[in-house]
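Hi,

Here is the structure I promised to pass on. Please open it beside this email; my notes follow below.

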Amino acid sequence: MTNLIDLDRALADFLEDGPNTAPEAPVVAALAHARTSPRRPDLIGWLRPDVMAPPSWRVFGLRPSLVLAGIALVVASLGVAVIGSRQPTVVPPGPSPTTLPSIAPTNAPFARQITMLVTAGQPYPIDVTDTTGDLVNAVSTQPGEGRSVGDGVHITSDPADRSALIVMWGGVPCESSGALRVDERTSTMTVESQACAGDTFPLDRIVRLTFRSEVSAAAWSGTVRVVGQPGASSPADSSLAPDTTHLELASTADSTVSIDIVDQSGHLAGAVSGPATASPSVEFVSASNVDPTTVRLVWPGSICDTVHRLTIAADFGLTVDRPNCQLGLDARERSVILTFDRAVDANALDTGLFSGRPGSGMPTWSLTGRDSAGGRYDLGIDDASASVINVAALDSSAVAGPSDRFRLDQAGQAVIELVWIGPGCATPPRLSIDATGSRWRLAAGTCDPAAPDVVRRISLKFDGSRSIDTIDFQQVAAGA
Amino acid sequence: MDQRELVRRAAKGEHEAFDALVRLASNRLYGIAYRILRDQYRAEDALQQALINIWNELPRLRDPDRFDAWTYRVIVRAATAEARRAGATPTTPLLPADADASRAPDDYGAVADRDQLERGFSRISAEQRAVLVLQHYAGLSQAEIADVLGVPLGTAGSRIHYAVRALRAAIEADARLGTGRESMA
């Protein structure tokens, strides 16, 4: 064997050997994590540099944090020097600080216009008001890029101040004004977001509210109202309430595929399904003009994608939401033809396709299976714990029905099987898992009372160990 | 759809775009991780962690054109962190005590067969393995390695230089101990 070889070449040859294809498991696990774990809001994201900031950003080779610390030290030193150099000041007799009149809390309602900081578009004014005067301050915080909360208003406690709440919602870059109404009597907040024409991709809006006394985020809820037509200055217009249309989509399988179309533009004149195609021609959601007023929206999916929601934004931006479904199933192309009462340039539309997006109004997961009688069923799963990383419908034909109408089996450290007896009706049951992951509620769905009971069996895989002993499971009536 | 658009969409939270990016990058990243760690399971763990980090941090990547370089950085960090977590990586000092500082790496000529390389490679630190993998496997230039590691160009050069020396020293030590299958020239 030759052992006198060039080290560089030998090293290159040596490193050439080895796998060049990634195993599926870590990839699937990471994708599942991404789908089930929304990015956390980064309240100080604006302080963080670009992840690829060049070394030149450093000053004299020092890390930015060290430079800032150094500057702070210098400033502090100068302050001490200046203060120390002053002659002692003779303080005239007067009331001690404790007897100074404090700033008396006024009970006048809070009303202030603040500047909303944004990552795209222009900062804009927002009117913040309350009802009782318990609100004492409101400031906008610079958000990070992208959107980290779902629809609606996300309210959390400020870990550094028990009397403060962090309020987040989604806005769009074209907004130029808005309002935040705080009602302490009902513990509700209403964000009035101005409808506008332009880029509609949602971005975070963050406001920190400080109250006179301790507040609990859990007691608060909030809603977003889109008000005004683009360019209009009038506030809420009830005629702009989103209009929802339910549409059955053509399908190549025996499944029913549907889409709810929420029109916030007020210009949708009609919608029909496009043809069903087994081989997707697109990788992503794609919009194209059939004619000046008609847009064909196409997106890739799987046979397991059976329910969708399409939101048409005020500027005609098109967002498709759907639940996650079991990975690796047959590909399908879905399409819908939208007709508007005015010309719409499909090439200028912002489009998006999301699976299992929290707050989208869709179940986090959906699956389709066969019950013990061979009948098809669809199951929606709402996983508020964001810990489910995959679901599967299992063979139910040879499974003994559980004596208590349901049974949880530990199929692995992170895998739980659920077997239940329920009416063999077509209306999909819904499984809800609370934020702690320990409280499961299965709503059977409405059904023909004469329909015979069937057995169904599914498995859920979690992102970590999960014991059936920690789960409080209940079957509840539909809609409970 | 080009990668730049995929990065832009994934940064905004579009899962399908992220899926496509992962499919494009995962083989490349796994190859890097495996060669740094020399262990299939640790490489899988590093890849999974790197992909999760990429998802979480993607909004902070200002320039989508730098996605590839950034993902190299992420996988190198994940792999070296995995190596530290495993805690079983024998390391050689950055500058071997017995290294002749007057000799440039090229002067070492040549030396090892595959088994010696395997053993020598396993004896140097994960950070040193990383720069060698970036240079000899990923085919990155010194400037690109500096960009990936987030260090000045000269520092990248030093790291490559010392990594080669460390590998050479490890191979020579292996030969002196008689563990090599054939004697070194």
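Start with helix H1 of chain A, residues 7-16. This is a predicted model, so read everything here as computed. Five names to find in H1(A): A:Leu7, A:Ala10, A:Leu11, A:Phe14 and A:Leu15, which are buried. They lie on the same side of the helix, because they cover an arc of only 130 degrees around its axis. The general rule is that an α-helix has 3.6 residues a turn, so residues three or four places apart point the same way.

The face away from the buried side carries A:Arg9 and A:Glu16, both exposed.

What do the buried residues of H1(A) pack against? The partners are in chain B: helix H2 (15-37), helix H5 (114-123), helix H6 (126-137) and helix H8 (153-176). After H1(A) comes A:Gly18, with a positive phi near 130 degrees.

Next, go to A:Asp315. This residue sits in a loop of chain A, between strand E15 (307-312) and strand E16 (318-322). Is A:Asp315 buried or exposed? A:Asp315 is buried, because 20 other C-beta atoms lie within 10 Å, and the cut-off for buried is 20 or more. Look at A:Cys196 as well: its C-alpha atom is 6.7 Å from that of A:Asp315, although 119 residues separate the two along the chain.

Last, chain A as a whole. It has 3 helices and 28 strands. Of its 480 residues, 34% count as buried. Take the contacts between residues at least 6 apart in sequence: 73% of them join residues at least 24 apart.

Best wishes

Methods. Residues numbered from 1 in each chain as written. Chains lettered and ligands numbered in written order. Predicted model: local features only at pLDDT ≥ 70, side-chain atom pairs only at ≥ 80, totals over all residues. Helix = DSSP H or I, 4+ residues; strand = E, 2+ residues; numbered from the N terminus. Buried ≥ 20, exposed ≤ 12 C-beta atoms within 10 Å, placed from the backbone. Contact = placed C-beta atoms within 7 Å. Arc of directions from axis to C-beta.
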